[in-house]
Amino acid sequence: MADNTSKKGTILIADDTDINRELLADMLEDEYNILEAVNGTEALELIMKHKTNISLVLLDIVMPEKDGFEVLGTMNAHHLTTKIPVIIISAEAASPYIERGYKLGAVDYITRPFSKSAVRHRIITTITAYSEKAALQKKVYEQIVSRERNDTLMVSVLANVVEFRNGESGLHVLHVNTITEILLRHLMMLYPKYHFTASQISAICTASSIHDIGKIAVPEEILNKPGKLTDSEFAIMKSHSEAGAAMIASVKGYEQEPMMKYAYEICRWHHERWDGSGYPDGISGDEIPIYVQAVSMADVYDALTSARVYKDAYDHKTAVRMIKEGECGSFNPELLHCFTLCEDRIEENMKETSIYDSIKRRSEDAIQESMYEESSFAEF
Amino acid sequence: MNLTECYEILGGSLEDTTGRLASEKNVYKFLNMFLNDGSYNLLTDSLESGNADEAFRAAHSLKGVCLNLGLGNLFKSSNEFTDALRAGSIPDDYKAYYDKVTADYDSAVNAIKQLDPVE
C-alpha cells in the first residue's frame, strides 16, 4: 500500500483472481490507497490489522481458504460490519446469494460486469454515508458525556456538602458510585434475571451519590462524635435514611424521572439488610430492590476501608472478610457471590480519583448498547 | 488484428467493454492480462486431480473475468460449466462442457495474441 495521505481513504480488495483485483485497483488507485487480499483468510488478517483505517471492503464471494460469506460472518462477530462498509462484487446474480450477503451485513452488491463510473460512484456514496454516521455517533457520544457531566455536577456538589459536614473525604461518593456499577454489571452477567440498560445504570450510580443526604438533618455533634453514640443519639443518626427519602420526595416536578425513584429508594433503604434486621422499615430479601442492595454493600465496603472519626481504616482483605462473614449485617447470597468474584476489580478501581473516568466509561457503554440494538446480526 | 475484429471472434461487444473500462487502451491492457490468468489452467488441473470444489471456483473465476472483459463465447461455455459443477461434484458428462470451454479459451487466446498494440 502506497501510504499517501492526500488520498481519500483505503480500500481493501479481496478477490482470488489477479485480473479482477487489477481491474478494481485500476479504477480506484488514483483516489484511494489500495490493499489487496487473494483469499478470505488474508482479507480477515488485513481487516483485523487495519480495522477502521480501512474505509471500505470490496469482497468477492467465491474464494479459496475462506469465502466471502465467512469473512462477513467473522466481521459481524467482531461488530465490524457496522463500522467498515462491505460491498460484495460477484458474478453471481442469483438472489439467494445477494440475500445472504445483505443478511450478513453487506451494504451493497455489485454484479459483474461492472463499469468504472458505477463502481466509483457507489464506493464514494457508501464511504460518505459511513463517515457521516461515524461523525454523528461521535457527536452523540460527546453530548451524552457532556449531559452526564452536567447531571452529575450538581449531584456531586450536593454530595460533597454532606460529606464535608461529616468530615469525610469527597472520595466516598465516588467509591460508592464505582463499586455499585461494578456490582450491577457482574450481577447482570451472572444472573440473567437482573437486567439494567446503560442509562439505568448511569442513573442508579448518580443517585447513589446522595444516599446519605439525610445526614444534613442530623446535628453535627452527633455526626462527628468520636465516641460511642447513646441510644437516643443513635436513633437520631438512623433517622437520616427516612429524612433523605423525605427530602427527595419533596422535590416537585420530577416525579416521573426514574432517577428520583432510584434516589428515593436508595436514601430510604440503604441500611436495610437481607434478613430484615436493618432500618428504617425492616424490609427483607427481594423487598429491597437489588440495586439498593448493591449500594448498601458498596457503602459498607467503603466505610470499612476508610478512616472515620470513630475508627481507623481496615485494609481491603479484612473488609472483604468482614462483609462475607456477616459482621456488617446479612447480604443477599447472590450479591455476596458476585462480590467475591469482583473484589479484585473493586480494589483496583478504588485508585480512580475522578468521577469523569466513570462517566466516560458509562457513556461509551450507552453508545455501544444503542448501536447493537439497532443492527440485527445473522445467526451462525 | 484490431480490437473490433478481435471482439467479433470473442463474441462480445467492444463498445460495452470500452464503456465499462473507460478506454480502449484499458481494454487492450486487460485482454493481455487475461493471457496470464491462471483460472483455465487451474480448472484443467483440478479436473485431473478430481477436486470438484476447486474446479467450481476456477470455472467461476473464469466466468467472472469473461463478464468484465466482454469475452462472450467463453463466458457462455464457462457459465454452463460453472452451473454443472455447482452441486459440489464433477458430473459424468463433464468432458463435453470442458471441451467447449477449451475451444472457446483457445480461440480467445489466439485472437488476443494477434492484437495490434493500442496506444
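This is a predicted model: local features need pLDDT of at least 70, side-chain atom pairs count only at pLDDT 80 or more; totals for chains, interfaces and linings use all residues.
What share of the contacts in chain A with a separation of 6 or more is accounted for by residues 24 or more positions apart?

View 1. Residues 24 or more positions apart account for 68% of the contacts in chain A with a separation of 6 or more. The chain has 15 helices and five strands, and 36% of its 380 residues count as buried.

**View 2. Helix α7 of chain A, residues 198–208.** Eight of the eleven residues of this helix are buried, so α7(A) is largely enclosed by the rest of the structure. The buried residues are A:I201, A:S202, A:A203, A:I204, A:C205, A:T206, A:A207 and A:S208.

**View 3. Helix α6 of chain B, residues 72–85.** At 1.5 Å a residue, the 14 residues of α6(B) should span 20 Å, which agrees with the 20 Å that separate its end C-alpha atoms. Buried in α6(B) are B:L74, B:F75, B:S77, B:S78, B:F81, B:T82 and B:L85, and the buried residues of this helix pack against α5 (52–69) and α7 (94–113) of chain B. An α-helix has 3.6 residues a turn, so residues three or four places apart point the same way.

**View 4. Packing of helix α1 (residues 3–10) of chain B with α7(B).** The two helices pack at an angle of about 175°, with their axes 9 Å apart. Because the threshold for this class is over 145 degrees, α1(B) is roughly antiparallel to α7(B). From α1(B), the contact is made by B:C6, B:I9 and B:L10, and from α7(B) by B:S107, B:A108, B:A111 and B:I112; by class, these comprise six nonpolar, one polar and no charged residues.

Conventions: Residues are numbered from 1 along each chain as its sequence is written. Chains are lettered from A and ligands numbered from 1 in the order in which they are written. Helices (H or I, at least four residues) and strands (E, at least two) are DSSP runs, numbered from the N terminus. A residue is buried if 20 or more other C-beta atoms lie within 10 Å of its own, exposed if 12 or fewer, and partly exposed in between; C-beta atoms are placed from the backbone. Two residues are in contact if their C-beta atoms, placed from the backbone, lie within 7 Å. The expected span of a helix is 1.5 Å times one less than its number of residues. Axes are lines fitted to C-alpha atoms, for helices over the stretch in contact, and angles run from 0 to 180 degrees between N-to-C directions. Angles under 35 degrees count as roughly parallel, over 145 as roughly antiparallel, 65 to 115 as roughly perpendicular and the rest as oblique. Ala, Val, Leu, Ile, Met, Phe, Trp, Tyr, Cys and Pro count as nonpolar, Asp, Glu, Lys and Arg as charged, and the others, Gly among them, as polar.
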